[in-house]
Amino acid sequence: MATFGTAKRIIPTSTPSSSNYQPYEPKAPHEKQFTLNFYCPFNIPQNPEAAALRMIRNLGNLGLYYTLFVWIILFITLIPERKVCLILLVIMSYVTTLYLLLLREYPSSYVLHRIIDKRFVLALLAIATMILLIITEAGIHLGVTLACSMPIVLLHAVLWISHHEISENFEASTSFEEPPPLSNNRKIGGEDPDMV
């Protein structure tokens, strides 16, 4: 009665079968081993020419983001005091967005892409926005915003490494010359292996 309701456990005494046991085998030399590399997207250029080239490339590629960064800072500085300037800034943002959407909607338009230069129109819109801000007595806000944000933008443009540069550096660091494959006609100890 002492064993009523209990189950008897059988403890296996045999070792695991050799069919389940698989010892560690190192990878063959032809298999590629993966490594995890971390890259910092910021890097100090090697010389002034590389810095200027990187800055020009980043200003071209990330110009929209830099403009949005300055625009947001200008919005924040105009919110407490200059409501009319803020409305004019929103209107100019809307006009610029419509122009960019028009460019995207008609990519094969000869007038929009060949006759009228996009950089000219965007520069004209930026100058008109600045003139409107100066007329509405928000020139100090504009000047302070540009003085504070442009050094940050230029520093970022100089130090930022593009994805293209990172992939080039990665390919250069992982490329290696593979040894030639072994041929079957190789002589061992001066004798042909097929003859032995």
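Modeller: Helices H1 (48-61), H2 (63-78), H3 (83-105), H5 and H6 each give at least two residues to the lining of the largest pocket. Helices here are DSSP runs of H or I with at least four residues, numbered from the N terminus. This is a predicted model, where local features need pLDDT of at least 70 and side-chain atom pairs count only at pLDDT 80 or more, while totals for chains, interfaces and linings use all residues. Residues are numbered from 1 along each chain as its sequence is written, and side-chain values use heavy atoms, with hydrogens and water left out.

Back to the pocket: 36 residues line it, and Gly-63, Leu-64, Thr-67, Leu-100 and Leu-122 lie nearest its centre. (On a 1 Å grid over the protein atoms alone, a pocket is an open set of points where a 1.4 Å probe fits, with protein on both sides within 12 Å along at least five of seven lines; lining residues have an atom within 4 Å of a point.) By class, the lining has 24 nonpolar, nine polar and three charged residues. Ala, Val, Leu, Ile, Met, Phe, Trp, Tyr, Cys and Pro count as nonpolar, Asp, Glu, Lys and Arg as charged, and the others, Gly among them, as polar.

Now for two of those helices: H5 (residues 118-135) and H6 (residues 139-159) meet through Met-130, Leu-133 and Ile-134 on the H5 side and Gly-139, Leu-142 and Leu-146 on the H6 side, where contact means heavy atoms within 4.5 Å. That contact has five nonpolar residues, one polar and no charged ones.
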